[in-house]
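Here is my notebook page for today. I opened the file and jotted down what I looked up, one entry at a time.

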Amino acid sequence: MKAIKLVKANTLSISGLKNHVRSAFEAGKFMTDGRALPSVDFGQPIAVEVTAMDTLGLFPTVVCEDDEVVEHGRQFTRQMHLKMVPDCVHQDAIMELVAANRLLAGEFDHVKNIRVCLKNYSTANAVM
């Protein structure tokens with residue numbers, strides 16, 4: 001079976017996504033490798049990646065810039081970035097937002113190992 005590649009999205013959005021990510025970040029629900037969390041500037045654009053594992057072993061993925069979906073689809077691999085703590089209420093709320101979108105809901109049906117990551121973001125001094 002061939003994986004569906006990520007496709008560019010033109011008019012999809014997940015309203016409130018950036019606010020949920022900000023809330024989770026401010027509640028300390030992101031993990032690092034023992035270092036302090038960076039000072040993310042949520043006034044600037046951020047990229048958020050939501051991935052999971054489906055029953056075929058593929059990784060449904062949606063990448064958003066703020067609330068706008070820029071890519072979605074299934075991949076063979078995934079790369080982890082600044083990760084949200086798994087199984088927290090913030091992650092559940094974000095998955096509810098993703099599942100509310102009819103196009104994305106099918107890609108995230110019957111998934112496990114959900115991960116929400118900050119992929120690109122600005123700090124007080126630099127862009128990560």
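**Ground rules.** I am working with a predicted model, where local features need pLDDT of at least 70, side-chain atom pairs count only at pLDDT 80 or more, and totals for chains, interfaces and linings use all residues. My residue numbers start from 1 along each chain as its sequence is written, and side-chain values use heavy atoms, with hydrogens and water left out.

**Strand 6 and its partners.** I call two strands paired if DSSP finds at least two bridges between them. Strand 5 (residues 82-83) pairs with strand 6 in the antiparallel sense, over two bridges. I then turned to strand 2 (residues 47-53), which is antiparallel to strand 6 and joined to it by six bridges. There I found T51 opposite R115 of strand 6.

**Two backbone angles.** I noted a positive phi of about 50 degrees at N113, although N113 is not a glycine. N113 lies in strand 6. H110 is not a glycine either, yet I read a positive phi of about 55 degrees there. I placed H110 in the loop between helix 3 (102-107) and strand 6 (112-120).

**Buried or exposed?** My cut-offs for relative accessible area are under 20% for buried, over 50% for exposed, and partly exposed in between (1.4 Å probe, protein chains only). H110 is exposed, at 61%. N113 has 38% relative accessibility, so I wrote it down as partly exposed.

Definitions and conventions
Helix = DSSP H or I, 4+ residues; strand = E, 2+ residues; numbered from the N terminus.
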